[in-house]
Amino acid sequence: MDQKTLRQMEKHCIQEEAPACRSACPLHVDVRTFVLQVGKGKWNDAWKTLNKTLPFPGILGRICDHPCEDSCLRSTLGGGIRMGELEKTCVNQPKPRIRVIPIPKKSESMAVVGESLSSLVAALELLRKGYDVTLFSSLDKLGGSLWALPDETLPKDVLEKELVILHTLGLKVEKKKMGKGLLAPLQEAFSAVYLGLDSPNGARMAQEKKPLDKTFALGNDGVFAGGTCDEHGHLSPVHQSFQGRAAALSMERFTQKVSLVEGRRDEGPHPTRLFTNIEEIEPLPGVLPVHGEKGYTIDEARAEAKRCIQCQCLECLKVCPYLDYYKGYPKRYAREIYNNAAIVMGNHTANLMVNTCSLCGLCREICPENFSMADLCLDARRDLVQRDKMPPSAHEFALQDMAFSNSEPFLLARHAPNRETSRCVFFPGCQLSGSNPEHVIQTYSFLRNNWAEDTGLMLQCCAAPAHWSGNEAKTKEAMSLLEKNWQKMGEPRMILACSSCLDMFRRYLPRIDVISLWQVMDRCELPVDAAKPVDAAKNPMALHDPCTSRHDPQLQEAVRRIAATLGIPIQELEFSREKTECCGFGGLMENANPALAQKQLERRTAESDLDYLAYCAMCRESLKGAGKPTAHLLDFIFPQATVGADPAARVKTGLSDSRENRARLKRDLLDQVWNETPETGTESMLHILPEVQATLDQRRILHSDIRETIAHGEETGHKMQSQVNGHFLASHRPLMVTFWVEYSLAENGYHIYNSYCHRMQIIRENP
Amino acid sequence: MITNLGIGENTEWKCFSCDALLKLDKVRIDYMNGSFTVELPCCPECGMALVPEEIALGKMLEVEKLLEDK
Ligand code: SF4
Ligand code: SF4
Ligand code: SF4
Ligand SMILES: [Zn+2]
């Protein structure tokens with residue numbers, strides 16, 4: 001990803017945009033922060049917040065005409081936050097000491113004509129930029145009509161004190177009546193000139209000319225003007241100030257000979273892009289000051305401030321525990337991920353973040369601007385793999401499992417028995433085959449009897465793990481193997497049981513005609529005994545759509561119709577169909593970050609008290625693994641006597657079982673469908689207690705790893721023996737991982753007590 | 001450089017083929033671009049080293065993760 005792509009992507013997350021109040025304020029006062037501080041009674045902090053953006057906060061804080069209030073999102077929910085009153089209350093508190101940073105002086109000098117608010121602000125801004133400023137006034141005192149305000153509004157001593165800063169910063173004042181003839185000499189003597197149209201001197205010199213929007217230039221010769229009235233002929237203090245400030249910036253740009261207009265789109269009031277969800281915000285009436293004109297008491301101000309919604313977006317964080325976990329928001333994550341990729345030396349601290357996203361795509365559905373964290377993370381993974389920086393442990397297991405599925409023990413491509421061709425081919429995928437091989441056999445014979453007799457079968461992996469891991473080379477390799485086998489079968493239509501497989505076929509092999517198993521079954525007569533023995537089917541179930549089915553409404557409909565035919569009352573989850581949530585397996589989330597996958601599952605399983613109904617084998621296993629009674633749709637179509645009455649109670653299939661199931665599936669199919677009795681080697685039995693097996697699954701240690709390790713120990717004699725209980729401990733490093741197994745001999749195999757592994761390799765230098 | 005994995009003497013396990021008690025000894029452990037010398041219980045005869053479970057799942061795992069993110 002380059003800088004430009006990052007900027008492009010970043011733009012889609014609008015969380016950092018100013019809330020409505022701030023963007024409506026011509027001076028962009030940080031209203032949200034200010035109001036938060038007032039609510040907490042932190043008056044010094046609130047003062048400082050005002051001081052950051054308000055020129056003469058003691059003055060403006062008392063007289064601002066607060067256009068922000070009308071834009072406030074509270075407007076329709078009890079009335080806009082009364083920012084005018086809150087500012088007043090704040091500047092009535094003692095002013096904290098605020099350090100002024102000295103500014104280096106610039107050589108150019110600027111002329112400001114007029115003594116009213118716009119001129120004072122222009123002068124202040126120019127002084128703060130380091131210019132030498134001379135102000136021309138026909139009056140004795142700076143401030144103009146400000147002196148005419150009643151004391152209750154703006155006490156005279158406050159006004160006086162607030163203006164002291166101008167003199168401190170070295171403002172020169174010349175008392176002089178100005179007219180149009182004097183403009184040319186001013187231009188001659190100064191780098192740029194400001195005319196305050198809210199002062200008699202300035203108005204005279206401008207001769208009815210109106211300044212341009214944004215730049216406040218009167219022409220193109222270094223004369224600028226501000227302090228105009230609105231369409232009703234009123235002067236607005238906050239607009240006067242804004243125009244003085246904007247003109248000062250133009251004067252600086254003019255002097256530096258740079259563009260006057262560039263990058264000023266968001267200056268002044270503008271509509272915000274920030275989205276804030278106010279659906280669940282209760283109306284709350286504004287606080288009225290008990291003492292009327294005198295304004296809020298401190299407690300009243302705090303109560304009013306607490307009505308602020310603290311507008312922000314974070315819609316995606318509300319639905320994604322992963323996004324929530326990292327305590328930021330996608331725009332920030334995008335930058336972290338970008339920086340992570342740029343690191344040459346040092347720690348890639350965002351690797352785990354990149355690898356944890358389930359690529360489920362929910363954020364994109366929820367986000368008002370369609371930000372896709374999945375695209376971002378998949379891109380970053382591909383980049384890591386390409387640069388050989390992908391942590392090996394993140395996806396290794398899944399990739400090895402995929403390699404297993406694409407090897408002899410599972411790989412199969414056959415026409416139906418006694419057929420030379422296939423019109424269709426059933427492709428169950430690895431997960432269903434690993435989770436419930438009997439269902440694959442039953443489905444296959446169902447399809448031959450009810451859909452097309454010449455339905456072939458392919459056992460293989462769809463390469464989703466490689467795709468998810470960002471490994472493009474491995475994805476391509478697996479895809480071409482898939483394409484080759486499909487061609488060998490005569491380019492048939494593919495019937496896919498898993499929506500992740502569907503997604504992969506559509507993404508990488510779009511010329512292959514694919515259809516979901518559920519759409520096929522929806523058009524068939526379901527088996528007569530379907531759902532019958534299952535009492536559970538009488539109870540309503542909550543339907544869980546897999547995240548890879550998000551954009552496949554036809555598939556989702558087909559599943560719902562099948563459930564209706566089976567007589568299973570379905571309750572829709574709040575997050576279903578295009579807003580469905582991941583089971584924590586997608587994107588290899590569970591491989592890279594089991595703890596967060598757990599959080600994802602906790603969220604999903606808590607959404608309904610009902611048992612869940614899944615139609616992806618992986619979703620079924622994940623949900624069940626998280627303790628949620630979950631059935632698979634095939635459990636009702638092909639009820640299995642062995643399972644007992646409640647398929648939702650069937651235990652989760654472990655990793656070793658999944659592999660062994662796949663291998664057994666191929667053997668059973670060859671035996672039962674094609675009458676080829678395969679040779680079966682006799683394997684030693686492993687006796688493993690369930691709690692030990694759970695540990696093995698959690699550590700991703702397979703029975704095959706254990707067998708290899710024991711064989712190694714027994715053959716070489718390299719093993720340890722416990723002096724306590726006589727158990728053996730052997731270790732073996734077939735590839736990247738060293739396995740340790742604690743075992744003892746049993747009559748027909750071994751008892752397994754424990755097993756663990758590490759990736760570091762032990763090297764004896766002087767054995 | 002870690003040199004101390006916090007391992008004490010091991011009294012439970014014996015080398016099966018040499019029938020010898022294990023003694024702490026220096027061994028090198030490598031992963032990716034990292035290489036460290038650490039003390040592990042080893043057979044004084046044939047040199048076979050033991051990585052106890054708590055080390056494999058504790059300190060070693062930590063270091064592995066660090067090296068993977070380098
Ligand atoms: S939903 Fe998330 S990604 Fe989208 S704008 Fe809001 S915070 Fe940003
Ligand atoms: S509710 Fe608060 S943050 Fe939102 S617009 Fe109003 S003042 Fe600003
Ligand atoms: S897990 Fe899903 S919702 Fe969360 S960031 Fe990734 S794609 Fe978006
Ligand atoms: Zn030995």
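# Salt bridges, cores and ligand shells

Asp522(A) is partly exposed, with 24% relative accessible area; here buried means under 20%, exposed over 50% and partly exposed in between, for a 1.4 Å probe and protein chains only. The model is predicted, so local features need pLDDT of at least 70 and side-chain atom pairs count only at pLDDT 80 or more, while totals for chains, interfaces and linings use all residues. Residues are numbered from 1 along each chain as its sequence is written, chains are lettered from A and ligands numbered from 1 in the order in which they are written, and side-chain values use heavy atoms, without hydrogens and water.

## Salt bridges

Asp522(A) pairs with Arg561(A) in a salt bridge of 2.6 Å, N to O; the term covers a side-chain nitrogen of Lys or Arg within 4 Å of a carboxyl oxygen of Asp or Glu. Because Asp522(A) belongs to helix 26 (residues 517-522) and Arg561(A) to helix 27 (residues 553-566) of chain A, the bridge ties together parts 39 residues apart in sequence. Helices (H or I, at least four residues) and strands (E, at least two) are DSSP runs numbered from the N terminus. Arg561(A) is also partly exposed, at 42%. Salt bridges with shared partners join Arg7(A), Glu10(A), Glu16(A), Lys331(A) and Arg335(A) into one network.

Over all chains there are 54 salt bridges. In one of them, the closest N and O atoms of Glu396(A) and Arg759(A) are 2.8 Å apart. This pair links distant parts of the chain, 363 residues apart: Glu396(A) is in helix 20 (residues 392-405), and Arg759(A) is in the loop between strand 19 (749-758) and strand 20 (761-763) of chain A. Another bridge, Arg507(A) to Asp503(A), has an N to O distance of 3.4 Å. Both of its residues lie in helix 25 (residues 499-508) of chain A, four residues apart, about one turn of the helix. The accessibilities of these two pairs are as follows.

| Residue | Relative accessible area | Class |
|---|---|---|
| Glu396(A) | 16% | buried |
| Arg759(A) | 11% | buried |
| Arg507(A) | 46% | partly exposed |
| Asp503(A) | 24% | partly exposed |

## Nonpolar cores

A nonpolar core is a set of buried Ala, Val, Leu, Ile, Met, Phe, Trp, Tyr and Cys residues joined through side-chain atoms within 4.5 Å. The largest has 112 residues, and Tyr322(A), Met373(A), Met494(A), Trp518(A) and Met521(A) have the most contacts inside it. Helix 19 (residues 373-386) of chain A gives the most to this core, seven residues. The core lies between domain 3 (315-386) and domain 4 (409-464 + 484-585 + 606-679) of chain A, because both give residues to it; the domain bounds come from an automatic or database domain assignment.

Apart from neighbours within four places in sequence, Met494(A) is in contact with residues including Val425(A), Phe427(A), Trp486(A), Phe505(A) and Ile512(A), where contact means heavy atoms within 4.5 Å. A second, separate core of 64 residues includes Cys25(A), Val31(A), Met83(A) and Val158(A).

## Ligand shells

A shell residue has a heavy atom within 4 Å of the ligand. Around ligand 3 are residues including Cys320(A), Cys357(A), Cys360(A) and Cys363(A), together with Tyr322(A) and Met373(A). Helix 15 (321-325), helix 18 (362-366) and helix 19 of chain A each supply at least two residues of this shell. The shell of ligand 3 divides into 10 nonpolar, two polar and no charged residues. In this count Ala, Val, Leu, Ile, Met, Phe, Trp, Tyr, Cys and Pro are nonpolar, Asp, Glu, Lys and Arg charged, and the others, Gly among them, polar.

Among the residues around ligand 2 are Cys21(A), Val31(A), Arg32(A), Cys72(A), Cys308(A) and Cys311(A). The shell of ligand 2 has eight nonpolar residues, no polar and one charged.
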